[in-house]
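Please keep the sequence and the coordinates in view while reading.

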Amino acid sequence: MSAAAQQQQGTARGTRLVTVKVVFLGDSAVGKSSMVLRYVKNSFDPYKDSTIGAAFLTQTETINPTTAVKFEIWDTAGQERYRSLAPMYYRNAPGAVVVYDITQAASFDKAKQWVKELKRNADENIVIGLAGNKLDLVTEQPDKRAIQTADAEAYANEAGLIFFETSARTSENVRELFTAIANRVPLDQPRNNRQGINLGQGASTATQQPERCSC
C-alpha cells in the first residue's frame with residue numbers, strides 16, 4: 001500500500017483531526033520550499049524559483065490510531081526584503097521550523113537570529129524545530145560541511161529545540177521532523193488556530209509558489 005493510501009486509511013471515520021499551523025523560516029536558498037514539497041508531495045525539484053512572500057500547503061499526518069494532525073504549513077520567503085512580513089505568519093503558530101544550510105555558515109547564524117526572534121515575539125509555548133538541510137551534499141562531499149552536527153545539536157539542546165539534519169533531495173529526516181513536532185505540540189490544549197473534529201475521509205491539499213535552491 002502506498003504512503004498516501006496508508007495516510008488516507010489512517011484518517012478514517014472516528015479519527016480526531018487536529019489542525020496545527022507550522023511556519024518555515026530561514027535564509028534564502030536553504031531549501032525551505034524543497035523540504036515542504038518533499039513532505040507534502042514526496043517530490044523534489046532542484047530548479048525552483050524563489051518564494052514570493054509566502055506559500056501555503058497542507059498535509060495530514062496520522063500520529064496514533066485515534067489522532068491525526070493536519071499541518072497548515074506557511075513557507076516564508078528568505079529574502080531580507082520580506083523579513084518584516086514574518087510576524088504575520090508566525091503569530092499564534094504553535095510550531096515553527098527554522099532551516100539552515102549545513103554547507104553555509106552564514107545561514108546558521110541567520111537561523112539563530114530567527115530562533116531568538118521567535119522566542120521574543122512568538123507564542124511563549126511555540127515548538128521550534130531546527131533543520132540543518134542539504135545533508136546529501138556532505139554525504140557525497142564531506143569537506144563541504146560548514147556546520148558540525150555536534151555544534152548544532154549542542155545549540156539546539158541549549159535553546160530547547162527539536163533538531164534534525166535533513167535532505168530534501170533524498171527525503172532523509174523530513175517526515176521525522178514533522179512527526180517530532182506533532183508529538184511535542186500539546187494537541188489537547190485548545191487554541192485559536194487548532195480544532196478537533198471527526199473525519200469522514202482524510203485529505204491533503206497543496207498550493208505553492210516555489211523557491212530556487214540546491215537542496
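**A guided reading of the model**

V20 is buried, since its relative accessible area is 2%; here buried means under 20% relative accessible area, exposed over 50%, and partly exposed in between, with a 1.4 Å probe and protein chains only. The model is a predicted one, in which local features need pLDDT of at least 70 and side-chain atom pairs count only at pLDDT 80 or more, while totals for chains, interfaces and linings use all residues. Residues are numbered from 1 along each chain as its sequence is written, and side-chain values use heavy atoms, with hydrogens and water left out.

V20 belongs to strand 1, residues 16-26. Its C-alpha lies 8.2 Å from that of A182, although 162 residues separate V20 and A182 in sequence.

The chain as a whole contains seven helices and seven strands, arranged along the sequence as α-β-α-β-β-α-β-α-β-α-α-β-α-β. Helices (H or I, at least four residues) and strands (E, at least two) are DSSP runs, numbered from the N terminus. Of its 215 residues, 51% count as buried. Among contacts between residues at least 6 apart in sequence, 78% join residues at least 24 apart, a contact being heavy atoms within 4.5 Å.

Two packed helices are described by the angle between their axes and the distance between the axes. For helix 2 (residues 32-41) and helix 7 (residues 174-184), the angle is about 85° and the axes are 9 Å apart. Axes are lines fitted to C-alpha atoms, for helices over the stretch in contact, and angles run from 0 to 180 degrees between N-to-C directions. Helix 2 and helix 7 are therefore roughly perpendicular to each other, the class for 65 to 115 degrees; angles under 35 count as roughly parallel, over 145 as roughly antiparallel, and the rest as oblique. Helix 2 contributes M35, R38 and Y39 to the contact, and helix 7 contributes V174, R175, L177 and F178. These residues divide into five nonpolar, no polar and two charged.

What surrounds T103? This residue sits in the loop between strand 4 (95-101) and helix 4 (105-121), and at 15% relative accessibility T103 counts as buried. Beyond its neighbours within four places in sequence, T103 is in contact with L137, V138, K144 and A146. The side chains of T103 and D101 are joined by a polar contact of 2.7 Å; a polar contact is a pair of N or O atoms within 3.5 Å, where within protein one must be able to donate a hydrogen and the other to accept it, and residues adjacent in sequence count only if both atoms are side-chain atoms.

How values were computed:
Ala, Val, Leu, Ile, Met, Phe, Trp, Tyr, Cys and Pro count as nonpolar, Asp, Glu, Lys and Arg as charged, and the others, Gly among them, as polar.
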